[in-house]
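Subject: Structure handover

Hello,

Please find the structure below. My notes on it come after.

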Amino acid sequence: MPEHAFVDCYSLKSIELPEGITQIGVDCFVSDTSLVEISLPQSLRRIDRGVFFNCKSLQEITLPSNLETIGEYCFYGCTSLTDVYCQSATPPIAVESFDRKDIRLHVPAGCEDAYRRN
């Protein structure tokens with residue numbers, strides 16, 4: 001998925017990314033989309049910097065089990081985001097990806113300690 005692919009797509013509310021995509025490029029959905037719902041493929045391994053920056057309508061997201069990296073500022077400004085569901089037993093590398101601490105993180109049973117250490 002290329003960089004800036006859906007920047008300023010104000011009426012975009014929902015999208016299902018097809019299987020086979022391994023990376024979402026820098027700032028792909030950034031800047032005032034109306035994105036509420038997104039379905040990410042299991043093939044996804046990397047979400048680059050700022051992909052969902054300022055997606056104020058995004059309420060929850062499920063991160064696939066193959067995801068390895070979440071880029072910086074990826075979920076900054078996502079003021080409606082309440083829940084992140086991680087399907088991977090191994091936590092993805094995520095440095096400064098979230099700007100809020102009140103988002104509920106849901107992880108696979110038995111993996112809580114691995115996520116706490118990350």
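Predicted model: local features only at pLDDT ≥ 70, side-chain atom pairs only at ≥ 80, totals over all residues.

Residues are numbered from 1 along each chain as its sequence is written, and side-chain values use heavy atoms, with hydrogens and water left out.

Overall fold

The protein has one helix and nine strands; these are DSSP runs numbered from the N terminus, with helices being H or I of at least four residues and strands being E of at least two. Along the sequence the pattern reads β-β-β-β-β-β-β-β-β-α. The radius of gyration is 13 Å, close to the 13 Å that the globule rule gives for 118 residues, so the protein is as compact as a globular protein of that length. That radius is taken over C-alpha atoms, and the rule is 2.2 Å times the number of residues to the power 0.38. Of the 118 residues, 42% are buried, meaning under 20% relative accessible area with a 1.4 Å probe and protein chains only.

Sheets

Strands count as paired if DSSP finds at least two bridges between them. S7 (residues 83–86) pairs with S9 in the parallel sense over three bridges, and Tyr85 has His106 in S9 as its bridge partner.

Another open sheet has four strands in the order S2-S4-S6-S8, also with parallel pairing. Here the edge strands are S2 (23–24) and S8 (93–94). S6 (residues 69–70) and S8 are joined in the parallel sense over two bridges, and Thr69 has Ile93 in S8 as its bridge partner.

Largest pocket

A pocket is an open set of points on a 1 Å grid over the protein atoms alone, where a 1.4 Å probe fits, with protein on both sides within 12 Å along at least five of seven lines; lining residues have an atom within 4 Å of a point. The largest pocket is lined by 19 residues, of which Ala94, Phe98, Leu105, Tyr115 and Asn118 lie nearest its centre. S7 and helix H1 (112–117) each supply at least two residues of this lining.

Regards

Note on methods: Buried < 20%, exposed > 50% of the residue type's maximum accessible area, 1.4 Å probe, protein only.
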